[in-house]
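I am opening a new notebook page. I will look up a few things and write down what I find.

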Amino acid sequence: MPMSRPAGPTSSRAAPSAGGKAAPPLVCCAICGTESQQPVFRPLPIEQPPDLDLRPGERLRGTMSRWLQVCPECAYAAPDISRAHPSAAEAVHAAPFRALIAETTHPPLARRFLAWAYVLEETGALHAAAEATLQAAWVADDAMMPDLATQWRLDAVALWRAGPPLDVEQELRVVDALRRAGEWDAAVSTAEATLARHPPDMIGPALMLERRLANARDAGRYSMGSAMPPPSHRPHVSHQKLQAGRGFGDGLMGRFVNWAAKLFRRE
Ligand SMILES: [Zn+2]
């Protein structure tokens, strides 16, 4: 028997369930009013450091297929399709949105992120649109489609730069996107301009790593752990705190630290 779900979105209710097992909630699309079952996404603990572009480590990394809900009727995609910007319906019905979701040469999950990015862009949330476009690039990475990953990284950079001024953490992500798209000179100059802003904490070492990788024409994926200065360069307590606070295994962090130590000796 259907029951109300006070903890969920106000426009959701539980789907009829069989055998007493809870079914995913029915969600009412804010664009077209269609009700559908949608996956419930609960962030999992992160047990590995993020990539330099802040793509989360596992186990959160492996959950991308559940980050967005999709309306089966109008294809509106969003973290919560029961909510929408007042202008979102116009975007969802526009030709570019329909073309995006019909583009069969793109992985279906990437289309979902690009559809959400389009709605965000059309409603003025340019940095959020950049984020969603970068997530499409991550899908392309996983699907071994490097040309699409490059295209979407550069699209993400354009969206970031079209929005309000970027903080140093966002600039790091721009640098990473440029480097991984093979835009070496732009990656180096953006890294240097951001280093001149005296970025705090992990951002400075990560930018130095980015600059080194770009100069070496290395478009590979690296984690934040790769940018860690060796322990001898860090106060003992804060290093321990970092390990404990982020839940990294000693062995895993040790590998990152050794790798970074080699890298920094050549600096
Ligand atoms: Zn809909």
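**Entry 1**

What covers the buried residues of H6? I note before answering that this is a predicted model. I find that the cover includes helix H4 (126–142) and helix H5 (146–162). Helix H7 (184–195) and helix H8 (203–215) are also among what covers them.

I then asked how many residues of H6 are buried. The count is 10 of 13, so I call H6 mostly covered. I listed the buried ones: Glu171, Leu172, Arg173, Val174, Val175, Asp176, Ala177, Leu178, Arg179 and Arg180.

Next I checked the length of H6, which runs over residues 168–180. At 1.5 Å a residue, its 13 residues should span 18 Å. Its end C-alpha atoms are 18 Å apart, so the check agrees. Just after H6 I stopped at Gly182, which takes a positive phi of about 80 degrees.

**Entry 1: the whole chain**

I stepped back to the chain. It has 10 helices and five strands. Of its 267 residues, 37% count as buried. I also looked at contacts between residues at least 6 apart in sequence. Of these, 51% join residues at least 24 apart.

A reminder to myself: two packed helices are described by the angle between their axes and the distance between the axes.

I looked up helix H3 (residues 108–122) and H4. Their axes come within 8 Å and cross at roughly 170 degrees. That makes H3 roughly antiparallel to H4, because angles over 145 degrees count that way. On the H3 side, the contact includes Leu109, Phe113, Trp116 and Leu120. On the H4 side, I noted Ala129, Ala132, Ala136 and Val139, among others. By class, this contact has 14 nonpolar, two polar and one charged residues.

**Entry 2: H4 against H5**

How do the axes of H4 and H5 cross, and within what distance do they come? I read roughly 170 degrees, and within 8 Å. H4 and H5 are therefore roughly antiparallel to each other. In H4, the residues that meet H5 include Leu126, His127, Ala130, Leu134 and Asp141. In H5, Leu148, Trp152, Arg153, Asp155 and Trp160 are among their partners. The contact of H4 with H5 divides into 14 nonpolar, two polar and three charged residues.

Technical notes. Residues numbered from 1 in each chain as written. Predicted model: local features only at pLDDT ≥ 70, side-chain atom pairs only at ≥ 80, totals over all residues. Helix = DSSP H or I, 4+ residues; strand = E, 2+ residues; numbered from the N terminus. Buried ≥ 20, exposed ≤ 12 C-beta atoms within 10 Å, placed from the backbone. Contact = placed C-beta atoms within 7 Å. Expected span 1.5 Å × (residues − 1). Axes fitted to C-alpha atoms, helices over the stretch in contact; angles between N-to-C directions. Parallel < 35°, antiparallel > 145°, perpendicular 65-115°, else oblique. Nonpolar A, V, L, I, M, F, W, Y, C, P; charged D, E, K, R; others polar.
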